[in-house]
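Thanks for coming, everyone. Let me put the sequence and the fold up on the screen, and then we'll walk through it together.

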Amino acid sequence: MCNRYRLRAKASAIVEAMSLDELGEVSLPPEELFPKRPALVVRQQGDARRADVMTWGFPPPANARGPVTNVRNLASPFWRNALANPERRCLIPATDFCEWEGETGRKIARWFDVPSLPVFAFAGIWRPMEDGACFAMLTCAPNPLVAAVHPKAMPVILHAEDHGRWLTAPIGEAQALAAPFPSQLMTIQ
């Protein structure tokens with residue numbers, strides 16, 4: 001599962017790719033992003049999109065060890081409220097993401113990107129918390145390119161024209177966007 005990604009882009013590229021008016025007073029987090037750390041997200045607020053910094057990972061249910069960073073089972077009651085409420089959906093800007101290949105002790109980081117989109121967005125959900133807000137990214141079955149490295153899942157990468165639908169559509173229409181991004185539009189390093 002994706003637990004490492006990067007956002008190596010200038011603020012102006014992020015603003016353009018996410019259809020923001022500006023980043024506002026948001027400071028960009030480090031380029032390399034990991035669970036339990038702050039990251040940039042974009043959410044709908046009224047008629048405008050707003051950039052925020054939130055912590056990656058929902059608080060775990062009672063039987064889990066760490067934060068829940070990936071939303072895999074869209075029917076789970078754990079995610080139902082956030083998915084059903086468009087105000088709790090977000091875009092997670094990224095430039096590439098990592099999956100690990102190989103045997104334990106000899107794993108190699110493989111980075112996936114979308115060359116035609118210098119900044120793309122993962123589908124995410126977020127939750128307000130007492131000490132800030134947190135988010136998690138949706139995952140889906142992998143496309144053939146990602147499956148060769150990680151056969152279980154890949155992050156849901158949204159087509160640019162679907163950003164608005166993800167942020168505002170009814171739950172059924174939004175969940176239909178949780179599909180593998182086309183392999184032919186991606187590269188691996």
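Let's start with a question. In the hairpin of strand 7 and strand 8, which residue takes a positive phi? Hold that thought while I say what we are looking at. This is a predicted model. Now the reply: Gly102 takes the positive phi, near 110 degrees. That hairpin has 6 residues between its strands.

Now the overall picture. The chain has 5 helices and 13 strands. Its radius of gyration is 16 Å, close to the 16 Å that the globule rule gives for 189 residues, so the chain is as compact as a globular protein of that length. Along the principal axes, the C-alpha trace spans about 45 × 40 × 30 Å. Of the 189 residues, 46% are buried. The chain exposes about 9,500 Å², and carbon and sulfur atoms supply 50% of that area. Then there are the contacts. Take those between residues at least 6 apart in sequence: 66% of them join residues at least 24 apart.

Let's go through some of the pairs. Strand 1 and strand 7 run antiparallel, joined by 2 bridges. Here Tyr5 stands opposite Phe97 in strand 7. Then come strand 7, residues 96-101, and strand 8, with 5 bridges between them. Look for two facing pairs there. Cys98 stands opposite Trp111 in strand 8, and Trp100 stands opposite Ala109 in strand 8. Move on to strand 8, residues 108-113, and strand 13: 2 bridges join them, again antiparallel. Phe112 has Ile188 in strand 13 as its bridge partner.

On to the core. Which residues touch the most other members of the largest nonpolar core? They are Tyr5, Phe97, Phe135 and Trp166, in a core of 56 residues.

Leave aside its neighbours within four places in sequence. Its contacts then include Leu83, Arg89, Cys90, Leu91, Ala123 and Leu138. Leu158 and Leu177 are also among them.

A word on cysteines. How many disulfides does a search of the whole structure find? The count is 0. For reference, a disulfide is a covalent bond between the sulfur atoms of two cysteines. Is Cys98 buried or exposed? Cys98 is buried, because its relative accessible area is 2%, under the 20% cut-off. Cys140 is buried as well, at 10%.

Now a loop residue, Leu7. It sits between strand 1, residues 5-6, and helix 1, residues 11-17. Buried or exposed, what is Leu7? Leu7 is buried, with a relative accessible area of 8%. Beyond its neighbours within four places in sequence, Leu7 is in contact with residues including Ile14, Glu31, Leu33, Leu40 and Val119. Pro93, Ala94 and Thr95 are on that list too. Arg49 is 42 residues from Leu7 along the chain, and their C-alpha atoms are separated by 18 Å.

Last stop, backbone angles. Most residues other than glycine have a negative phi, and most peptide bonds are trans. Ser19 is not a glycine, yet its phi is positive, about 55 degrees. Find Ser19 in the loop between helix 1 and strand 2. Lys36 is not a glycine either, and its positive phi is about 70 degrees. Lys36 lies in the loop between strand 2 and strand 3, residues 38-45. Lys36 is exposed, because its relative accessible area is 61%, over the 50% cut-off.

That's my tour. Over to you for questions.

Notes: Residues are numbered from 1 along each chain as its sequence is written. This is a predicted model: local features need pLDDT of at least 70, side-chain atom pairs count only at pLDDT 80 or more; totals for chains, interfaces and linings use all residues. Side-chain values use heavy atoms; hydrogens and water are left out. A nonpolar core is a set of buried Ala, Val, Leu, Ile, Met, Phe, Trp, Tyr and Cys residues joined through side-chain atoms within 4.5 Å. Buried means under 20% relative accessible area, exposed over 50%, partly exposed in between (1.4 Å probe, protein chains only). Contact means heavy atoms within 4.5 Å. Two strands pair if DSSP finds at least two bridges between them. Helices (H or I, at least four residues) and strands (E, at least two) are DSSP runs, numbered from the N terminus. A disulfide is a pair of cysteine sulfur atoms within 2.5 Å. The radius of gyration is taken over C-alpha atoms; the globule rule is 2.2 Å times the number of residues to the power 0.38. Accessible areas come from the Shrake-Rupley method with a 1.4 Å probe; for residues, only the protein chains shown count as cover.
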